[in-house]
Amino acid sequence: MTAPGAFVIFGATGDLARRMLFPSLYFLDMDGLLPGPLKIIGAARSKLSDDQFRAEVEKAVRERAGSFFSKEAWEHFAKRLTYSGGEAGDAAGLGGALQRAGVDAREGEVRQARDQGAGFGFALFGVVQDLLD
């Protein structure tokens, strides 16, 4: 198994993600510093479609980028973005986000992916850790 080419952001509709994470990832992508196939999966409690999520992220990026915003760079970045609604502390919510990242969330599969080199980083690590172990 190879490591999934995905970055999952729990709390993706929150203030930190809007003000810092998404604008930073946008600029990294604009500068060609993100791996080509990298997917960025936003996960939060809100019920949003992918298009609604992209619109929220675009608004946040435009606000932070100001005159440095590029429609062409945005269109490239937006193709990376998908959304998964659900509760991070719930196995179903976590599983939906991980499935979008290309990881089968059945019991043991997440641990196996992690042990074979897949990287997982969670801002809500204490909540999520119990589900991973």
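This is a predicted model: local features need pLDDT of at least 70, side-chain atom pairs count only at pLDDT 80 or more; totals for chains, interfaces and linings use all residues.
Local features are described at pLDDT of at least 70 and side-chain atom pairs at pLDDT 80 or more, while totals for chains, interfaces and linings use all residues. Residues are numbered from 1 along each chain as its sequence is written, and side-chain values use heavy atoms, without hydrogens and water.

Start with the overall layout. The chain holds six helices and three strands, taken as DSSP runs numbered from the N terminus (helices H or I, at least four residues; strands E, at least two). Their order along the sequence is β-α-β-α-α-β-α-α-α. Of the 133 residues, 39% are buried, meaning under 20% relative accessible area with a 1.4 Å probe, protein chains only. Contacts are heavy atoms within 4.5 Å. Among contacts with a separation of 6 or more, 71% join residues 24 or more positions apart.

Now take α1 (residues 15–30) and α2 (residues 50–65). They pack at about 85°, with axes 9 Å apart. Axes are lines fitted to C-alpha atoms over the stretch in contact, and angles run from 0 to 180 degrees between N-to-C directions. The pair is therefore roughly perpendicular, a label for angles of 65 to 115 degrees. From α1, the contact uses Arg18, Arg19, Met20, Phe22, Pro23, Tyr26 and Phe27. From α2 come Phe53, Val57, Ala60, Val61, Arg64 and Ala65. Ten of these residues are nonpolar, three are charged and none is polar. Here Ala, Val, Leu, Ile, Met, Phe, Trp, Tyr, Cys and Pro count as nonpolar, Asp, Glu, Lys and Arg as charged, and the others, Gly among them, as polar.

Stay with α2. Its buried residues are Phe53, Val57, Glu58, Ala60, Val61 and Ala65. Their cover includes α1, β2 (39–44), α3 (71–78) and β3 (81–85). After α2 comes Gly66, with a positive phi near 55°.

The largest nonpolar core has 21 residues. Such a core is a set of buried Ala, Val, Leu, Ile, Met, Phe, Trp, Tyr and Cys residues joined through side-chain atoms within 4.5 Å. Phe22, Tyr26, Ile40, Val57, Trp74, Phe77 and Leu81 have the most contacts inside it. At least two residues each come from α1, β2, α2, α3 and β3. A separate core of five residues includes Ala6, Val8, Phe10 and Ala43.

Phe22 ties several of these elements together. Beyond its neighbours within four places in sequence, Phe22 touches Ile9, Ala12, Ala17, Ile40, Phe53, Val57, Val61, Phe77 and Leu81.

Technical notes
Angles under 35 degrees count as roughly parallel, over 145 as roughly antiparallel, 65 to 115 as roughly perpendicular and the rest as oblique. Buried means under 20% relative accessible area, exposed over 50%, partly exposed in between (1.4 Å probe, protein chains only).
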